[in-house]
Amino acid sequence: LRLLRRQAMMWDLERDSVLWRLAKAGVPALLLKGAALRLTAYHDPAARAFGDLDILVSKPLVDAAVAALVDNGYEPESERRISLYLEHHHHLILSKAQGFVVEVHWALDAPTSPFALDPSAFLRDARTITTPHGLTLVPSPEHMVLHMAHQNLEDGFSHLRRLVDVDRVVASADGFDWARLASESKRMRVQGVVALTIRLAELLLATEVPPGFLDDLGVSGTTRTHLKLLDPVGLLVEQRGVRRAVRELVMLWCLPDHRTRFEVLKEMLTGERRLWGGHLGAGVFRGGGGSSVTKLAALSKLAAYQA
């Protein structure tokens with residue numbers, strides 16, 4: 001615990017330094033994920049460790065944000081990787097010799113995502129909190145839960161930590177707005193992801209969920225049935241979501257409707273969409289998405305797991 005507290009103190013100092021530098025450059029930045037959760041949902045900073053600092057800025061301010069971070073000792077990746085990330089991804093990665101890493105987001109998901117996370121809504125509805133070093137922007141509790149639910153897809157619902165985050169946000173928020181969470185989830189097409197996340201938190205952590213909330217999300221009976229058949233509790237406890245094909249299958253059944261599901265499968269088969277992953281894979285950087293045999297093998301795995 002002593003070590004964790006020292007690490008938390010170092011990250012908090014770096015967080016404040018980064019935010020001060022961005023503010024000085026005229027770049028409003030919204031903290032995301034672990035850094036925001038530590039300031040809002042956890043009483044002890046050591047209780048919520050994180051390995052990088054995620055910030056969200058508007059797209060026109062990305063260059064200014066990167067320049068401010070470079071002035072603060074951060075190094076961007078190569079120009080080629082930056083170009084690829086700007087085209088195919090939703091954040092840039094900058095690192096410091098001391099081991100600090102900052103991810104500068106201008107969006108919350110890749111451009112080809114079948115979901116529709118709205119970064120402008122996150123920025124518009126941000127909450128301001130006071131820290132010893134000034135004012136800091138964090139997402140609203142409802143957007144924070146929505147984002148944490150979406151993050152579950154990156155690891156196939158295999159991290160208990162993300163459910164703990166959701167539980168802590170709900171418990172610590174003053175008047176958590178469940179109706180707003182439902183409406184925003186449907187608007188951003190992540191109602192299936194949110195439903196599965198909230199249900200798991202309710203089952204495993206006794207998170208207090210109002211009656212009828214899952215019905216308000218409007219998830220179809222077919223989707224509920226297939227998500228149940230995936231045995232989500234076992235998925236988490238047995239870490240089955242680390243298998244790529246399982247992650248793909250979970251993602252497919254979390255999509256908002258059958259039409260979107262069919263489009264994603266078709267794009268996987270034709271190579272128009274790379275298979276799901278949290279970061280750009282080596283295949284994208286080589287300029288290809290794999291051979292036809294590889295794509296067919298991946299889809300065959302999906303079919304086998306579905307069967």
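Leaving aside its neighbours within four places in sequence, with which residues is F157 in contact?

Author: This is a predicted model, in which local features need pLDDT of at least 70 and side-chain atom pairs count only at pLDDT 80 or more, while totals for chains, interfaces and linings use all residues. Residues are numbered from 1 along each chain as its sequence is written, and side-chain values use heavy atoms, with hydrogens and water left out.

Beyond its neighbours within four places in sequence, F157 is in contact with A149, N152, V193, L196, T197, L200, L235, L236, V250 and C254; contact here means heavy atoms within 4.5 Å. F157 also belongs to the largest nonpolar core, which has 84 residues, and F157, F213 and V250 are the members that touch the most others. Such a core is a set of buried Ala, Val, Leu, Ile, Met, Phe, Trp, Tyr and Cys residues joined through side-chain atoms within 4.5 Å, where buried means under 20% relative accessible area, exposed over 50%, and partly exposed in between (1.4 Å probe, protein chains only). Helix α13 (residues 244–254) supplies the largest share of this core, seven residues; helices are DSSP runs (H or I, at least four residues), numbered from the N terminus.

Charged side chains complete the account. R199 forms a salt bridge with E202, the closest N and O atoms being 2.9 Å apart; the term denotes a side-chain nitrogen of Lys or Arg within 4 Å of a carboxyl oxygen of Asp or Glu. Both R199 and E202 lie in helix α9 (residues 191–205), three residues apart, about one turn of the helix. R199 is partly exposed at 38% relative accessibility, and E202 is partly exposed at 27%.

Terms used. Helices (H or I, at least four residues) and strands (E, at least two) are DSSP runs, numbered from the N terminus.
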